[in-house]
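Subject: Structure for your files

Hello,

Here is the structure you were expecting. My notes follow below it.

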Amino acid sequence: MGDTSLLRTPLYDLHVELGARMVPFAGYDMPVQYPLGVLKEHLHTRARAGLFDVSHMGQVRLRGASIDAVIQALEALVPGDIAALAPGRIRYTMFTNDAAGILDDLMVTRFEDHLYVVINAGCKTEDLAHLRAKLPADVTIDYLGDDAGLLALQGPEAAAIMARLLPEAAAMGFMSARAAVIEGIPVQISRSGYTGEDGYEISVGAADADKLARLLLAQDGVEAIGLGARDSLRLEAGLCLYGHDIDTNTNPVEAALTWTISKRRKTDGGFPGAAVVQAQLASGPTRKRVGILPEGKAPAREHTEIQDLSGNRIGEITSGGFGPTAGGPVAMGYVDAGSAAVGTPVQLIVRGKALPAKVAAMPFAPHRYFKG
């Protein structure tokens with residue numbers, strides 16, 4: 001059995017039943033892989049559909065006297081344009097501090113009478129304290145906690161599979177969300193994900209999470225996928241992992257996340273660190289997050305030093321490993337802005353040896369989000 005000091009998601013017993021190898025992650029006992037293995041789980045998700053337990057993420061609902069008041073309050077904490085969201089639409093954004101450092105990245109969904117926010121598992125305590133300290137007293141913070149599960153169905157067959165259970169799911173746009181009922185189970189479903197593939201995330205009551213997961217796993221084409229393949233999938237997709245590729249020492253401009261900030265918010269500011277963001281937009285950052293393609297077969301792991309060809313340190317790898325779809329090692333990290341152009345040759349210091357690599361465009365595997 002797992003470590004009893006760790007938290008468990010509503011699907012813990014199912015993971016054990018399926019033969020998952022459980023590991024500590026963000027305070028939870030989580031499946032890193034199933035008997036299929038990380039490589040095959042990754043490739044299955046790219047070819048068909050994978051089911052992920054992401055119930056360790058934090059789910060929060062923000063309510064107030066009016067939805068406009070709640071939007072205004074949250075916009076004071078994030079650089080994202082929440083006011084421009086139509087009901088049922090989702091925005092990826094971040095909490096920033098006064099230096100524009102990233103406290104966490106998050107997904108915000110607007111509904112008619114509230115905002116639904118998904119925060120990272122490892123940041124839940126800090127994020128909730130941040131919201132309680134910074135939001136006005138008339139904004140209610142409803143943390144769903146252990147009362148809710150969160151599942152992700154990802155892959156090119158995800159839409160067809162969801163349509164068998166919920167026909168209207170196939171017509172949903174990318175970054176949209178709605179309430180629904182699947183086989184008598186009330187859910188909230190969004191068309192989004194963390195793999196670069198088309199897919200859905202489904203919020204479900206904890207008491208119904210096991211039933212819903214079994215229902216999805218019973219569909220042809222679906223396999224259970226663990227954290228190992230989730231990480232290799234998001235790395236190939238060029239997506240950041242909080243605490244690795246972004247943190248309080250990185251800002252949205254150098255992290256190549258300026259696409260998340262609308263023209264209005266770039267101009268008007270009104271969020272923590274806005275002056276820093278505006279200055280960097282005007283003059284350019286001193287370093288940039290880039291893709292790195294090592295030559296050969298040796299992967300470059302986190303904290304690997306990046307040098308120019310003269311042996312000068314120019315940066316560091318923040319995420320790296322083998323990309324099954326890419327067919328070789330892939331990585332991302334930060335380099336001095338003068339070395340950030342795609343194609344720039346660099347060298348990686350692995351076990352004391354300088355290995356050749358080059359700056360590469362991301363993603364390493366093409367995004368296949370549904371555009372309608």
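In which strand is G333 found? G333 is in strand β17. Please keep in mind that this is a predicted model.

Start with that glycine. G333 has a relative accessible area of 0%, so it counts as buried, the cut-off being under 20%. A255 is 78 residues away from G333 along the chain, and the C-alpha atoms of the two are 9.2 Å apart.

Next, the strands around it. β17 covers residues 328–336 and pairs with β14, residues 287–294, in the antiparallel sense, over six bridges. Within that pair, M332 of β17 stands opposite G291. β14 is also joined to β19 (residues 353–360) by four bridges, and these two strands run antiparallel as well. There, P294 has A357 of β19 opposite it.

The buried set includes the charged residues R230, R234 and E236, along with L227, G228, A229, S232, L233 and L235. Among the elements that cover these buried residues are β1 (21–25), β2 (28–33), α2 (38–47), β3 (49–53), β16 (313–323) and β17. Just after the helix, G238 takes a positive phi of about 70°.

Now the protein overall. It has nine helices and 19 strands. Its radius of gyration is 21 Å, close to the 21 Å that the globule rule gives for 372 residues, so the protein is as compact as a globular protein of that length. The C-alpha trace spans about 65 × 50 × 45 Å along the principal axes. Of the 372 residues, 56% are buried. Among contacts with a separation of 6 or more, 65% are between residues 24 or more positions apart.

Last, the surface and the charges. The protein exposes about 15400 Å², and carbon and sulfur atoms supply 53% of that area. There are 35 positive and 42 negative side chains, with the centres of the two sets 5 Å apart.

Regards

Note on methods:
Residues are numbered from 1 along each chain as its sequence is written. This is a predicted model: local features need pLDDT of at least 70, side-chain atom pairs count only at pLDDT 80 or more; totals for chains, interfaces and linings use all residues. Side-chain values use heavy atoms; hydrogens and water are left out. Two strands pair if DSSP finds at least two bridges between them. Buried means under 20% relative accessible area, exposed over 50%, partly exposed in between (1.4 Å probe, protein chains only). Contact means heavy atoms within 4.5 Å. The radius of gyration is taken over C-alpha atoms; the globule rule is 2.2 Å times the number of residues to the power 0.38. Accessible areas come from the Shrake-Rupley method with a 1.4 Å probe; for residues, only the protein chains shown count as cover. The place of a charge is taken as NZ of Lys, CZ of Arg, CG of Asp or CD of Glu.
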